[in-house]
Every structure is written in structure tokens, then in C-alpha cells.
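Notebook open, structure loaded. I want to look up a few spots and jot down what turns up.

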Amino acid sequence: MKIINKVLIVNRGEIAVRIIKTLKKMGKVSVAIYNDADTNAAHMLEADEAFFIGSGSIANTYLNIEKILSIVKEQKIDAIHPGYGLLSENTNFARLLEENGIVFLGPTPGQIEAFGLKHRARDIAFKSGLPILKGTELLSSYKEAQVAATKMGYPIILKSTAGGGGIGMQICYKEEDLEKAYETTIFLAEKNFSNGGVFLEKFLEKARHVEIQIFGDGEGGGMVLGDRDCSIQRRSQKIIEETPAPHIPEYLRLSLYEGAKRLMENIKYRSAGTIEFLYDELNKSFYFLEVNTRLQVEHTITEEVFGIDIVEAMVLLQEGKYQFPINPISEGVSMQFRLYSEDPYKKYIPATGRITKWEYPKDVRVDSWIREGVEVSPFFDPLLAKIIVKANSREECVKKAIEVLSKTEIEGVETNLELLLSIVKSDAFLKADLSTNFLDNFKYTSKSIDILSAGTFTTIQDYPGRIGYWMVGIP
């Protein structure tokens, strides 16, 4: 264990800003990196120190391990906070830091590697007594996949063992689907993750996405910090999360917690992590999905109900100073809404532009990297902000969410704000009738208009416009 004074954040966006705030609270020196697209980004402006990492693509800047290590050595950095995304689950990066005596504020390189491949993670989960779906080992041929799928029964899902975010997954309802998907999935896996390994898993037609927050001490102990429902997704990316997950029998919930503790004990898990499950509500059955060996985007709602700063805990653990609560207790309900710069009416295509207005109720937690005047570029993930609400009950939390989202205003780029508000107002959400295909059947009407072809003398303006300047309003 060592005293940590100077911490480099290898992230950008709202998570980098979030980590910087905690480090400042702790009296640590926060160090940021940025490329030319982030010259005026919030994380580089708010950090105690910021270093230019070059121009060009993410691969040449934020993912350039050699450049980052040179900054680490030159600036005498004590520790790296991985956050999420980018290098947060890069085994090679974590190992190089370890070899150079730099503290990695996350799980061990071996744990990142073990859970980085889904088929290996399944094996660890099974040995820890967690329920898993019917599936195969890595497949060696299409013929092997064909035989296994027939035996398991369709529908099945063909999965890349590496990667995530919905890339390298194909649902197959019949043999023809599998035949078309097999080579394509291997190609995508090799291209995106440099690993073409694939396997089959039974596909649940209607399931919820439920996850358990863990925090291990690295010696076999640790704590389980409740569960979250993350079922409302678009293109396998979450947009709304809540804790605790509604309508789950208590005996099942406790069973999952015990399984999570066994997993931490079996591999001596260190730091923050998330165990993800699919929940078949009809049969009241859980099935292991994967382990994310990092801080999760939705960690905020867990912090709200448990009153624990997980980022702070990650630092204190490595200093040998973290005091684990004997029996962490959650209070109330919390929900997170991800505000994306994208157009839900155009298949969630990312939107770019300059933020001309950004207002939200000041009595609510908002983790964000944007401000008025900032440019949203096409080079990064479209997540602009996370709007987090908390209340004593789920019903109260829904009411508060409607109020907060209704009072939130953002202009200059297209966002999913209107969609989020429509979901929260729906009967299905109020009743917690949730599933990963929630948005497939959800319909809403936007108040915005799309100009397909403008006439020579066409103007568009808000009614009544800025009146009082001349006989009509000014656009």
C-alpha cells in the first residue's frame, strides 16, 4: 500500500469530471489528458493539471498506451483511475502500470483478463454457484454450432467472447439465421476485438437486465451494494437505470447477493465491479450474463441509496485506508436517465453541434461535461449527461423524474430528452413492466419538426416570435 497524491484520469466526458470532483474533495492532485477535439473540454479545464496527448483519432490519443505511460513517468503520477470505457478494462495497460510501480485503481490485471472473455467468465460464475443459461464452449466450426443449436432449441444467441456493447452478438431464430450470422459475427469480433472466438447461448425472448454492484477488498471479502435494473436499452446500450430493481422476490435477491459474495471470495476480487444477469420474470429465474471489471456508468444511483462514494472508496482501498461498512444499508429509490446527443426518430443517429442552452433543476444531481457554448463533436460517445433522481418510494421517484425532466432544457443539438420524458410518463414504466425489448414496442410522438425541403421564401419560427420589433415576430 502507498500514499496516493497524484492521480491521472484516463477518461474524458462526464466520468472524468466526476472523478476529478472526488479527488479534489480528497485533497488529491487530479491530472487530465486531452486531444485536440477536447481543447476546451470540462475535464481538462477542471483538473489541477492537464496534458495534451496529441491530435487525431481516439486510437492515437486516449488509447495510446505509450504516450500515456510517458506522461505518467514524466509527471511522477502515483495512480491511474480507470473510470469506464477507453482503457478501463485493458489488461495490457493494467499490467504495464503494475510492472512500472504505478497503482491501478481497479481490479487486478488477472481479474480483468479472466472476465474479459465471456466464455471464461461463464465458467467462473458456474464454479461460484451462479445460475447460467444453457450454452456452449468456444465453437470450432459452423457444423458444431449447427448441432449445438438444434440440441439447445431456437432461439439462440451467437456471441463473441470478447468485447461488449452489443457488438458481436446475433440473435438466431432458425437455422438459416445461424448460417448467415456465423461467419459475419466472427469477422466483426476479429475486426473489433482482435479475437474471433464465438459461442452459443440460449436466448430469452423477454427478459430484464439486472445487475449487482460489488466492491471487493482483494483478499476474498468485500461488500454487495444492492442491485440495479437496466432493462430499458437502445441498441444494447442502457438509457434508464434504477435501484433497487422492482418486482423481484426477496429470496431471489438474497440468493444473488450470496452468489456475488462467493464469486468475490473465489477470485479475491479487488475494487469495484458489476455482475450482470438476465432475469426471466415469467419463470422467476436469473441467469449470469457477464462481469464488468470497472466502475459502471450507472454507479451513481447505487451511491445515492447507499450514501457511499465509490470513486473515493477505490482510492482509499489502494491506500489501505478504506473502512468497509459492517452492514451497508440502502435507503429509498434512485433512477438515472442518460441524456444522449442523438435523434431517436432517425434510429438514434448521433447529433453534433454547439450547446446554446443547458438548464436543469439545481436541487438534483447531474453528472455532465457540457455547458453553454461547448461543441459536441462526432468523435466520441454521444453521452452528454446523467440526470439522477432519488425519493423514498418508486412512485415518488417516478413523479420526481417527470418534474425534473420537464424542467430540463437543452438546445443546439438533437437529444433523447423528449423520449426519456415520454417513457417515464408511460403506464408501462409506472407499473415497472420492464424488459430489454421495451423500446421495440414503445411509441411516442415528438413535438419537433424535420425540414425535408425548404422553399425559397420559407422561414421557421417559434410562435409568437420576438414581438415588438416590427409588425410581425422575428424568427
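This is a predicted model: local features need pLDDT of at least 70, side-chain atom pairs count only at pLDDT 80 or more; totals for chains, interfaces and linings use all residues.

**Entry: the cavity**

I looked for cavities of 30 Å³ or more and got 1. The largest cavity has a volume of about 40 Å³. Which residues line the largest cavity? I wrote down Asp229, Ser231, Ile232, Ile240, Glu241, Glu242, Phe429 and Leu434. Sorted by class, that lining comes to 4 nonpolar, 1 polar and 3 charged residues. Strands β10 and β11 each put at least two residues into the lining of this cavity.

**Entry: the second largest pocket**

Next I turned to the second largest pocket, which has a volume of about 910 Å³. I count 28 residues in its lining, and Glu414, Glu418, Ser446, Lys447 and Ser448 are the ones nearest the centre. The elements giving two or more residues to this lining are α12 (394–406), β22 (409–411) and α13 (417–425). By class I get 11 nonpolar, 8 polar and 9 charged residues here. Which element gives the largest share of the lining? That is α13, with 5 residues.

**Entry: helix α13**

Since α13 came up, I checked how covered it is. I find α13 largely enclosed by the rest of the structure, because 7 of its 9 residues are buried. For the record, the buried ones are Leu417, Leu419, Leu420, Leu421, Ser422, Ile423 and Val424. What do the buried residues of α13 pack against? My list reads β10 (222–234), β11 (237–243), β14 (333–340), α12, β22 and α14 (427–430). Two of those names, β10 and β11, were already in my cavity entry.

Last, I went to strand β2 (residues 29–34). Is β2 mostly covered or mostly open? Mostly covered: 5 of its 6 residues are buried. On one side of my pairing notes is strand β1 (residues 6–9), which runs parallel to β2 and is joined to it by 4 bridges. Within that pairing, Leu8 has Val31 of β2 as its bridge partner. To get from β1 to β2 the chain passes through helix α1 (residues 13–25), and I noted this β-α-β crossover as right-handed. β2 also pairs with strand β3 (residues 49–52), again in the parallel sense and over 4 bridges. There I found Tyr34 standing opposite Phe52 in β3.

Note on methods
Residues are numbered from 1 along each chain as its sequence is written. Side-chain values use heavy atoms; hydrogens and water are left out. Buried means under 20% relative accessible area, exposed over 50%, partly exposed in between (1.4 Å probe, protein chains only). Two strands pair if DSSP finds at least two bridges between them. A crossover is right-handed if, with the strands pointing away from the viewer, the path from the first strand over the helix to the second runs clockwise. On a 1 Å grid over the protein atoms alone, a cavity is a set of points where a 1.4 Å probe fits but cannot get out, and a pocket is an open set with protein on both sides within 12 Å along at least five of seven lines; lining residues have an atom within 4 Å of a point. Grid points are joined across faces, edges and corners, and a volume is the space filled by probe spheres set on the points. Ala, Val, Leu, Ile, Met, Phe, Trp, Tyr, Cys and Pro count as nonpolar, Asp, Glu, Lys and Arg as charged, and the others, Gly among them, as polar. Contact means heavy atoms within 4.5 Å.
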